Amino acid sequence: MTETALGKPMAESAKTAYHETRHAEQYFMMAKHIAQTGIAHPPYKQIPDDVMTVAQTAPKLSGAEAKEAGEYHKSIFGADAKKRNFVLTNLGTYSQAALVEKGQAFTAAHKAYEAADETVKKYKEENHKLVGPENWPDETQKKNGEARKNARQEREYALSAYNDTKQKFEETQAKYRALPEEEDAHAVGDAIMAALSSPSELHKT
């Protein structure tokens with residue numbers, strides 16, 4: 001819970017708190033699953049020894065809980081771990097910040113094109129008759145036109161880069177939220193946020 005997270009409206013802060021707390025609960029469920037099935041502990045003490053010790057004597061998981069814990073374990077430590085790690089790595093590459101950066105780059109490129117286009121139009125308005133049709137465009141206007149062409153290409157490149165990042169951002173977000181542990185934690189957090197946004201509905205959650 002960062003200072004930024006705590007500075008948001010209560011419903012959003014609560015969403016984050018419940019989301020992350022649910023992850024803690026998932027890890028304890030996995031600890032119990034490991035203790036009760038005898039499968040190997042995760043490497044590098046990703047579930048600390050003291051937690052594993054408590055899990056040894058904790059109440060047994062129900063059938064539904066055991067299935068759920070097994071899905072989390074498969075995703076985080078088991079057969080799907082590499083796929084999960086790839087998704088999490090892409091979250092850093094195709095992040096909200098990266099998308100904003102590409103958007104800002106496109107905005108800047110678009111403004112540069114508009115300025116170059118305005119220069120061409122204004123120069124023509126002021127100099128076309130003075131130069132005469134036979135000498136138009138003159139060297140200055142040719143340079144203006146070339147600058148506009150380059151600015152247009154830069155704008156198209158920036159737009160393509162933004163659209164590509166936006167598509168990959170959305171794809172990565174979808175894959176991230178589809179991870180069993182994230183789908184579950186987001187469901188908890190989203191439910192709390194919805195309830196606190198409509199206090200009369202809180203008791204139903």
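**Figure 1. Lys 15 and its partner across the chain.** Lys 15 is partly exposed, with a relative accessible area of 25%. Partly exposed means between the limits for buried (under 20% relative accessible area) and exposed (over 50%), using a 1.4 Å probe and protein chains only. Asp 190 forms a salt bridge with Lys 15, and their closest N and O atoms are 3.1 Å apart. The pair links distant parts of the chain: Asp 190 sits in helix H8 (residues 180-197), Lys 15 in helix H2 (residues 10-37), 175 residues apart. A salt bridge here is a side-chain nitrogen of Lys or Arg within 4 Å of a carboxyl oxygen of Asp or Glu. Helices are DSSP runs (H or I, at least four residues), strands are E runs of at least two, and both are numbered from the N terminus. Asp 190 is also partly exposed, at 28% relative accessibility.

The model is predicted: local features need pLDDT of at least 70, side-chain atom pairs count only at pLDDT 80 or more, and totals for chains, interfaces and linings use all residues. Residues are numbered from 1 along each chain as its sequence is written, and side-chain values use heavy atoms, without hydrogens or water.

Figure 2. Glu 181 forms a salt bridge with Arg 84, with the closest N and O atoms 2.7 Å apart. This pair links distant parts of the chain: Glu 181 in helix H8, Arg 84 in helix H5 (residues 81-93), 97 residues apart. Glu 181 is buried, with a relative accessible area of 1%. Arg 84 counts as buried too, at 13%.

Figure 3. The side chains of Asp 117 and Lys 121 meet in a salt bridge (3.0 Å, N to O). Asp 117 and Lys 121 are 4 residues apart in helix H6 (residues 96-131), so about one helical turn separates them. Asp 117 is buried at 13% relative accessible area. Lys 121 is partly exposed at 48%.

**Figure 4. Arg 155, buried without a salt bridge.** Arg 155 lies in helix H7 (residues 139-178). Arg 155 is buried yet has no salt bridge; Glu 156, the nearest side chain of opposite charge, is 5.4 Å away. For charge, Lys and Arg count as positive, Asp and Glu as negative; His and the chain ends are not counted. Beyond its neighbours within four places in sequence, Arg 155 is in contact (heavy atoms within 4.5 Å) with Phe 106, Ala 109, His 110 and Tyr 113.

**Figure 5. A linked group of charges.** Arg 22, Glu 25, Glu 68 and Asp 184 are joined in a network of salt bridges. The count of salt bridges comes to 12.
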